[in-house]
Amino acid sequence: MLFHHILVPYDGSDPSARALDKAADFVRSDPETRLTVAHVINLEPVLIADMTFVQPESYQEQVQKRGEAIIDSVHRRISESAEAKIVILAGSPAPALLDYAEEAGCDLIVMGSRGLSSLRELMVGSVSHNVILHSRIPVMVLK
């Protein structure tokens, strides 16, 4: 295969699930290809105009529980024929994904066109759009 290490950002949404399925198909067709699934936890304060909103502690607990559910979902979704490394990243989604892709030597990002967006993402643009604009490697976006 042309690619050796595929990164799939996964948030549990239908588009990210389709991206994970497509990447798993790639891996099944070439066992030498590695698959990494990344879930990004964004606990950064939200800035709107001159106001800063910090997520309450209860929100942080919800995010942790959601992350654990995401990991379980990935394990259920991927069959034994496509092994995946699962990582949890922290920070703003697009930069966290791009930094990880570079550090881990990924050579393809397969992602959904829309995920479970937050108010911040609505204000600054979608994660997939930012990844496409700033990625140094090919990005496949699935609807």
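A nonpolar core is understood here as a set of buried Ala, Val, Leu, Ile, Met, Phe, Trp, Tyr and Cys residues joined through side-chain atoms within 4.5 Å. Buried denotes under 20% relative accessible area, exposed over 50%, and partly exposed the range in between, with a 1.4 Å probe and protein chains only. The model is predicted, so local features require pLDDT of at least 70 and side-chain atom pairs count only at pLDDT 80 or more, while totals for chains, interfaces and linings use all residues. Residues are numbered from 1 along each chain as its sequence is written, and side-chain values use heavy atoms, with hydrogens and water left out.

**Overall organisation**

The chain has five helices and seven strands. Helices (H or I, at least four residues) and strands (E, at least two) are DSSP runs numbered from the N terminus. In order from the N terminus, the elements run β-α-β-β-β-α-β-α-β-α-α-β. Of the 143 residues, 43% count as buried. Among contacts (heavy atoms within 4.5 Å) between residues at least 6 apart in sequence, 75% join residues at least 24 apart.

**Strand β2 and its partners**

Strand β2 spans residues 34-41, and seven of its eight residues are buried. Strands are taken as paired if DSSP finds at least two bridges between them. Strand β2 runs parallel to β1 (residues 5-9) and also parallel to β5 (residues 85-90). The table lists the two pairings.

Together, β1, helix α1 (residues 14-29) and β2 make a right-handed β-α-β unit. A crossover has this hand if, with the strands pointing away from the viewer, the path from the first strand over the helix to the second runs clockwise. The loop between α1 and β2 contains Pro 31, which counts as exposed because its relative accessibility is 70%. Although Pro 31 and His 4 are 27 residues apart in sequence, their C-alpha atoms lie 9.5 Å apart in space.

**Nonpolar cores**

The largest nonpolar core holds 20 residues, of which Ile 6, Val 8, Leu 20, Leu 35 and Val 110 touch the most other members. Two or more residues come from each of β1, α1, β2, α2 (57-77) and β6 (108-112). Helix α1 gives the most to this core, with seven residues. Once neighbours within four places in sequence are set aside, Leu 20 is in contact with Val 8, Tyr 10, Leu 35, Val 37, Val 74, Arg 77 and Ile 78. A second, separate core comprises 16 residues, including Val 40, Val 87, Tyr 100 and Ala 101.

**Helix α2**

Helix α2 has 21 residues and should span 30 Å at 1.5 Å a residue, which agrees with the 30 Å between its end C-alpha atoms. The expected span is 1.5 Å times one less than the number of residues. The buried residues of α2 are Val 63, Gly 67, Ile 70, Ser 73 and Val 74. Viewed down the axis of α2, these buried residues fall within an arc of 125°, so they line one face of the helix. Such an arc is that of the directions from the helix axis to the C-beta atoms. The buried residues of α2 pack against α1, β2 and β5. On the other side of α2, Glu 57, Gln 62, Gln 64, Lys 65, His 75 and Arg 76 are exposed.

Helix α3 (residues 93-104) has 12 residues and reaches 16 Å from its first C-alpha to its last, close to the 16 Å expected at 1.5 Å a residue. Its buried residues are Pro 93, Ala 94, Ala 96, Leu 97, Leu 98, Tyr 100 and Ala 101. Ala 104 also belongs to α3 and is partly exposed, with a relative accessible area of 24%. Not counting residues up to four places away in sequence, Ala 104 touches His 5 and Arg 34. Ala 104 and His 5 are 99 residues apart in sequence, with their C-alpha atoms 8.5 Å apart in space. Just after α3, Gly 105 takes a positive phi of about 75°.

In helix α5 (residues 127-134), Val 127, Ser 128 and Val 131 are buried. Seen down the axis of α5, its buried residues fall within an arc of 95°, so they line one face of the helix. Leu 133 and His 134, on the other side of α5, are exposed.
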